[in-house]
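Student: Please walk me through this model. Show it to me before we start.

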Amino acid sequence: MKRIFVTLLSTSIIFALSACGISDSEKSKQTAKISTASETLNNNPLVAKYTGPYSGVPAFDQMKLDDLRPALEHGMQLNLAEIDVIVANTGPATFANTIMPLEKAGSELDRVYTYWGIWSANMNSPEFRAIQKEMAPVLSAFNSKITGNQQLFARIKAVYESDELSRLSAEEQRITWLTYNGFASNGATLAGEAKARYAAINQELAGLHTQFANNVLADEEKYVLFLTKDQLSGLPDSVVSAAASAAKSLGQEGQYAITNSRSSMDPFLTYSDERDLREKVWSTYYSRGNNGDEADNNQLIKHILTLRDERVALLGYDNYAQWRLEDRMAQNPENAMALMLKVWPAAIARVDEEVADMQAIADVEKAGIKIAPWDYRYYAEKVRKDKYVLDSNEVKQYLQLDKLREAMFYVAGRLFNFKFTPVPAGSVPVFQEDVKVWEVNDLTTGEHIGLWYLDPYGRPGKRSGAWATTYRSHTTFDGNKTVLASNNSNFVKGAEGEPSLISWDDAETYFHEFGHALHFLSAKVKYPTSHSGVRDYTEFQSQLLERWLTTDEVINNYLVHYKTGEPIPAELVAKIKKAATFNEGFKTTEYLASAIMDLLYHTTDPALIEPQQFEKEQLAALGMPASMVMRHRSTQFGHVFSGEGYSAGYYGYMWAEVLTSDAAEAFAQAPGGFYDKTLSEKLVKYLFEIRNAMDPAEAYRLFRGRDAKVEALMRDRGFPVTQ
């Protein structure tokens with residue numbers, strides 16, 4: 001958790017105090033206030049500057065929860081003191097004395113948020129959740145003090161409307177706009193009771209978002225299915241081994257544990273011959289947050305939607321989605337919905353074809369069933385074997401986690417000129433023994449770029465899914481700051497002495513998240529605000545990197561059998577490529593159903609919404625196939641209800657996928673293919689290095705020479721192309 005919005009709050013007090021317009025007495029007053037805060041902060045490792053090698057690294061070996069609350073409190077105190085310095089300046093507002101100080105403010109608190117993020121996502125516990133519940137509304141109130149600071153906003157507005165703006169660099173003009181817009185769209189233009197109500201809503205929402213996420217995590221930790229040896233029919237050795245290891249870690253050695261996580265659920269539903277157990281695992285997973293107990297999220301959803309709707313009404317918007325998409329590439333919910341509804345008919349038509357193929361096999365086997373959601377993966381695997389003679393478990397034998405990591409490093413070297421080297425053991429603190437760290441250097445010059453942390457395996461207390469983050473981003477306006485990037489996954493750890501084998505889908509996700517890390521590492525921007533993302537664009541770079549998994553260079557050198565070391569056979573590769581769009585109906589439909597529901601939730605009057613009924617009615621109206629469900633059912637839709645990062649923005653994956661498909665076609669048509677030097681240089685320059693220092697649409701045109709075309713997406717998925 002960084003800020004209410006990333007565009008704000010970064011400045012050094014020394015710089016601000018030296019800016020013109022502050023009297024000596026005021027300087028003394030502000031210096032004393034900051035010094036008092038600093039003396040207390042200096043003894044807390046969560047606030048202290050990073051020390052050690054590589055320009056300083058987080059003190060993950062000194063993390064103690066007892067330090068978190070005081071670190072947050074002192075970080076907020078110091079940050080507010082920094083803001084006081086900016087607004088105390090009596091001189092005319094300029095970029096140098098207003099925007100630049102904001103870019104430097106809050107660095108201590110940002111460091112605390114790094115540790116908060118680890119406890120929240122990687123090492124969650126009841127003790128942390130108690131602090132999180134207590135502090136979430138406090139942090140929201142703190143943010144409101146800044147975004148609601150009229151004097152501060154007046155200075156930002158003055159810079160934004162000044163003649164000076166046109167004389168600033170392109171990046172400085174953009175971050176000035178981003179800062180102004182961030183304040184204006186978060187209540188800075190309000191006054192009196194409306195401003196107070198806006199802040200109160202933010203505070204209440206902070207607590208509700210936290211509760212939603214913790215409820216889902218509670219259900220993931222609470223429900224585990226323990227199996228005996230006679231219940232393992234159909235499961236590959238790798239799945240059995242992982243389940244045995246999971247049971248052992250849960251104190252049930254000799255049994256086999258299927259945990260309530262996607263990485264455990266998915267392979268079980270794909271391979272288990274036990275239909276009743278498949279139904280049980282499916283029901284448990286897709287019922288998270290919807291069990292009518294203390295962790296039920298239904299009323300939370302309604303409450304969250306009601307507050308969001310009230311809040312944007314204060315700003316004059318018709319609905320939450322209209323407010324949220326105003327500064328996105330889509331610009332409004334109508335454009336976002338139009339894209340999805342253009343793809344939806346082809347997706348559900350493909351589902352009908354896929355289910356017909358599955359039902360035919362079930363009928364031949366005299367299973368006596370009608371394909372249900374807990375059958376989809378199982379019979380899809382049978383169709384894959386029958387139609388493409390492709391066994392995903394056979395493919396898995398060539399997908400070793402460590403080898404795939406080496407493949408990602410190879411791609412990074414070819415495209416970005418990066419070299420990854422493991423750091424000396426013990427030289428960089430980590431928060432868990434499985435976390436590993438690599439130094440990243442320029443291959444040609446040897447220049448230090450940053451560090452890359454990898455936390456690959458699932459465990460109790462770790463949030464589900466996969467994600468990337470930074471502990472420090474690259475900037476140059478206050479000295480050259482190198483990058484500390486991190487990738488986090490929930491792969492099932494192999495048994496002792498055995499490699500971790502993953503599915504093809506998981507391999508794509510591995511590359512995807514590494515794409516985010518490369519986006520962080522390749523940045524060449526001056527200011528922190530240039531790292532703020534445009535949600536329907538930020539997934540583009542990571543989605544695009546998935547395409548390098550299927551390049552010959554990766555397949556021929558890194559997809560080797562985990563026992564024999566032999567490269568993956570050419571005929572198996574041919575089958576993989578032939579089946580590239582296999583099950584695309586399922587993948588596209590489960591995603592689109594979630595993305596469409598997200599927009600419907602945020603464009604409908606909350607008074608008319610009862611989540612379970614609303615989900616059922618809206619999906620029925622769309623013609624949602626009965627054989628499957630949306631990827632994230634409402635009560636577990638953390639992207640949308642555990643925060644506001646993806647709320648009314650889950651469509652962004654598909655918006656970015658249009659760019660991805662279009663860019664992939666550019667590489668496919670280039671003389672050097674996916675490693676074409678000229679196109680790769682344009683890719684890095686315009687689509688990775690630039691971050692958010694340029695309008696994304698303009699950046700894409702510089703890369704491609706035109707806007708992206710949705711027809712590329714349809715071709716990519718094997719759907720009929722219509723103009």
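The questions below go from the sheet to the helix pairs and then to a single residue.

Tutor: This is a predicted model, in which local features need pLDDT of at least 70, side-chain atom pairs count only at pLDDT 80 or more, and totals for chains, interfaces and linings use all residues. Residues are numbered from 1 along each chain as its sequence is written, and side-chain values use heavy atoms, with hydrogens and water left out.

Student: In what order do the five strands of the open sheet stand?

Tutor: Helices (H or I, at least four residues) and strands (E, at least two) are DSSP runs, numbered from the N terminus. Two strands pair if DSSP finds at least two bridges between them. The pairing in this open sheet is mixed, and its order is β3-β4-β5-β7-β6.

Student: Which strands stand at the edges?

Tutor: An edge strand has a single partner, so one side of it is left without a neighbour in the sheet. The twist averages 25° from one strand to the next. The edge strands are β3 (418-422) and β6 (467-472).

Student: Is β7 largely enclosed or open, and how many of its residues are buried?

Tutor: Buried means under 20% relative accessible area, exposed over 50%, and partly exposed in between (1.4 Å probe, protein chains only). Both faces of β7 are covered, with V483, A485, N487, S489 and F491 on one side and L484, S486, N488 and N490 on the other. β7 is therefore largely enclosed by the rest of the structure, and its buried residues number nine of the nine.

Student: At about what angle does α5 run to β6?

Tutor: Axes are lines fitted to C-alpha atoms, for helices over the stretch in contact, and angles run from 0 to 180 degrees between N-to-C directions. Helix α5 (residues 107-122) lies across β5 (448-457), β6 and β7. Its angle to β6 is about 155°.

Student: Why do α7 and α8 count as oblique?

Tutor: Angles under 35 degrees count as roughly parallel, over 145 as roughly antiparallel, 65 to 115 as roughly perpendicular and the rest as oblique. Helix α7 (residues 150-160) and helix α8 (residues 170-188) pack with axes 9 Å apart, at an angle of about 140°. The pair is therefore oblique.

Student: How is the contact of α15 with α26 made up by class?

Tutor: The axes of α15 (residues 333-364) and α26 (residues 652-669) come within 10 Å and cross at roughly 70°, which makes the two roughly perpendicular. Contact means heavy atoms within 4.5 Å, and here it is made by N335, A336, L339 and V343 of α15 and M654, W655 and V658 of α26. Ala, Val, Leu, Ile, Met, Phe, Trp, Tyr, Cys and Pro count as nonpolar, Asp, Glu, Lys and Arg as charged, and the others, Gly among them, as polar. The make-up is six nonpolar, one polar and no charged residues.

Student: Which residues is L545 in contact with?

Tutor: L545 lies in helix α20 (residues 535-545). L545 counts as buried, because its relative accessibility is 3%. Leaving aside neighbours within four places in sequence, the contacts of L545 are V411, L415, F511, F514, G515 and L518.
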